[in-house]
Amino acid sequence: MKKKVLSALLSMAMVAGVITGCGGQATQSAADQLEAEGVEEIPVAETQEETTEAEAPAAEAKELDLSQQVDLVFYVMGDAPQDEELVEAALNEKLLEKCNATVDMQFSTWTDFQQKYANEITAQSADLIYIANWLNYGQLASSGAFEELDEMLDTVAPDLKALVGDANLNMCKVGGKIYAVPNTWAEYVCNGVKYREDLRAKYDLPVPDSLENLEAYLLGIKENDPSQGLLTVTTEESQGLKTGFDAAWALNFKYNWVANNGLDYGLAANYDTPSDVYDYWYSDDFVDDMKTMKRWADEGFWSKSALSDTNNSDAYKNGLCVAEVAGQNPNKQITAIADFENAGQGWESAYVAYGETNGVIYPGHATQNGTAIVRGCKDPERALLVLQAMLCDDEINAIVQYGIKGTHYDVADGIYKNLQEEAGETPTFPYEGFNTWNLRNGETKLPQKTDVKLQEMFDKYADLGAKTKFPNVNIYDGFSENYDSYSAERSAVSNVMRQYLAPLEAGLVDDVDAAVEEFRDKMKEAGIDKCREEYTKQWIAYCEEYDYK
Amino acid sequence: MARDLDYEPSAPKTIKKSTGTKVFEAIAYTLLILGSIICVLPFIIIVSGSFTDNATILTQGYSLLPRDFTLSAYQTIFKSPKDILQAYKMTLYYTVVGTGLGLMMITLTGYVISRKEFKYRNTVSFLIYFTSIFGGGMIPWYLMYANVLGLKGSTLAIWFPALMSPFLVILMRTFIVGAVPDAITESAKIDGAGHFTIFFRIVLPVLKPGLATVGLFLALGYWNDWYRSSMFSTNSSTWQLQFYLYDLLNATTAMKQMASNVSMKTADLPTESVKLAMAVVATGPVLLFYPFVQRFFVSGITVGAVKG
């Protein structure tokens, strides 16, 4: 009897072993769990902190003791370039001279990088680390993963502080403390409309820079060439809690808070008065806009099956549509120009950013590319000094970003030129070969050939952005919602959006007024009020904290 | 020696098969043929796809024979043969070292916990089984190797963690218990053999099927693993083959995804046919290896130490 029980237990154990053995390693759930663990279980190196505090005198800009050599590990994302060691040797030669320190670049590779990033921080084996909002910078910083930099920036790296500027550093604050140093290259990822300039000129149509002109442009093409497809919009770019259907992104021409900008749950706040939150889904404007959408759908701007279609990212490239309104950015426009040139059919692509019409435009958030010092670092002050050298020292910055001049790259007319690529070889150290997007210095960054057009666009946006209330500050992307207390309501709201908002925005309903009423009722049932209340509270607190008033 | 005593199942040819047997064989053969077709078909499609022009795959779909025969996918993969050959070399090294050492350790452990005279065998067995149910989790596992043992970046970290697994130890113990009856070891003991003699001269020779099975499991595990490279490698020259290929795919998808938010150059995505060619390159050697090990499975059934 005893034996039977034992063998039953053992066989269960074996089955369990097989199941966990197979599933445990790479599945998503394990990764999630790890992330949660990684965030919570970061051991705080108390002793380390105390000693640095004790050593740091209160005085301004002190001289660091550089007599001891420090070997630092710099953890970055992506794959290593082939000439990693060669460039590292050149870099360390300079760093030894200036900071008596060396840097060993370590790469996450793109496999399981999120999990490995969490491991790296938990293990505290790196000293300097790449940070970004898509790598949960805010969460990690508030759980104590990084060293506080406020004081050290003054004492150790005043040049760095001056270069980056208070506005940028302010955006990297978490709970009032600075934990990261952002790059200083303002990058605009502003959404807009990509359209066919050649067709617009051919049929003498208006530039689609407003809802009316976009409609006129599309109608004009439809009249002149009925067989031409107009928009290939789907629900795929609208998976968040802002819009349900991609065509609704065009409403950005009318309001400055649609789609990627602005707030969730059908809430709205003007860029000039961010803490003044008001309602959109229950307003008359919403009904009017949905009627516009219905008119567009009836005109046949998009397919009747748009709601179930999958996104064809090559549609524009192959001439299947004449404009794209969702998920676009200047970089994609540059790609489209190159694609059309390659196709050689005389097609031309042009771009109108929504911000050019609605007046609100800003670069990417500072936490999009930054560097932090991992808590438990061997020598945080030296690490910061090295970081300062890598960003502010032109010579060192050039080695990190472009490799060795004459071997890997050269500069002609102020433009970066990869020597191996020109010779038809695979580059052993490509542009930004260490993937150090966090070490871009806006003042000295060498443009690549394709960057010239991009930079022209950026300059235009920078002028516009300077005129806004918060000049060239992205006030939205620093906010992260904590929905623990209403996650059930949140997912119910998300479902109602997919089911009722998407067909409304796609104009695929018979009676707009009735459909709007139904959508509003369903939203109430799903618990929209609770979501809105909590979300607004968090948003206003965020605006207060960062002084966006 | 054992061969002479073998009875082939179909040996008595003079005896006529009954109708029942014939029906049974007909059904069995049909099912087995269907089964093997189901197993082989996808692989044929993969191989044929890897030799097909990518545009043809996209427009006309997959076929059993390549429609537009081309070697371009393989040319893409072997464009920089140095990297892929290095990855092959490392995988071979990990597989050979890992399987060899692992097999030795598993067999020795299996022998010890199968001995009745070992008083604490149940406790030890339990401790081994226990780890298959309760593990420390990802983070402690990682910290153990990276921080405590300091193996990050070394090749040891790639083959060492997988040397033994509870499942294989149990399997080996069962094999030993089944293949070596107590009577044999007892008689050897009476003749004055110690544990080493018993293990090497009595147990090991009859354990071939067990060694083949466990060895194959180990070797396949090492050959197919990419995870430990991903976790512990700091230099691409220590990468396993599977990780090299897997990362090639991941890098391009990640780049493409990120390009919508960040200014960066996007590499060309590997095409369908390149992905298929990768699958062929990675699984090819295992396919060749299998038939050679397989005969041990078959012969193992009829080989035994106690006859008649």
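1. Start at Val325(A). In this predicted model, and leaving aside residues up to four places away in sequence, Val325(A) touches Val193(A), Leu231(A), Val233(A), Asp246(A), Ala247(A), Trp249(A) and Ala250(A).

2. Two of those neighbours come up again in the largest nonpolar core, which has 75 residues. Leu231(A), Ala247(A) and Val325(A) are the ones with the most contacts inside that core. Which helix gives the most to this core? That would be helix 19 of chain A, with seven residues.

3. There is also a second, separate core, made of 64 residues. Val70(A), Leu160(A), Tyr179(A) and Ala180(A) are among them.

4. Back to helix 19 of chain A, which spans residues 487-505, and its partner helix 20, residues 512-526. Their axes come within 9 Å and cross at roughly 175 degrees. Anything over 145 degrees counts as roughly antiparallel, so that is the label for helix 19 and helix 20 of chain A.

5. Who meets whom here? On the helix 19 side of chain A you'll find Glu489(A), Ala492(A), Val493(A), Val496(A), Tyr500(A), Leu501(A) and Leu504(A). Helix 20 of chain A brings Ala515(A), Val516(A), Glu518(A), Phe519(A), Lys522(A), Met523(A) and Ala526(A). By type, the residues of this contact are 11 nonpolar, three charged and no polar.

6. Now the whole chain. Chain A has 549 residues, 44% of which count as buried, and its secondary structure comes to 21 helices and 14 strands. Take the contacts in chain A with a separation of 6 or more: 75% of them are between residues 24 or more positions apart.

Key. Residues are numbered from 1 along each chain as its sequence is written. Chains are lettered from A and ligands numbered from 1 in the order in which they are written. This is a predicted model: local features need pLDDT of at least 70, side-chain atom pairs count only at pLDDT 80 or more; totals for chains, interfaces and linings use all residues. Axes are lines fitted to C-alpha atoms, for helices over the stretch in contact, and angles run from 0 to 180 degrees between N-to-C directions. Helices (H or I, at least four residues) and strands (E, at least two) are DSSP runs, numbered from the N terminus. Angles under 35 degrees count as roughly parallel, over 145 as roughly antiparallel, 65 to 115 as roughly perpendicular and the rest as oblique. Two residues are in contact if their C-beta atoms, placed from the backbone, lie within 7 Å. Ala, Val, Leu, Ile, Met, Phe, Trp, Tyr, Cys and Pro count as nonpolar, Asp, Glu, Lys and Arg as charged, and the others, Gly among them, as polar. A nonpolar core is a set of buried Ala, Val, Leu, Ile, Met, Phe, Trp, Tyr and Cys residues joined through C-beta atoms within 7 Å. A residue is buried if 20 or more other C-beta atoms lie within 10 Å of its own, exposed if 12 or fewer, and partly exposed in between; C-beta atoms are placed from the backbone.
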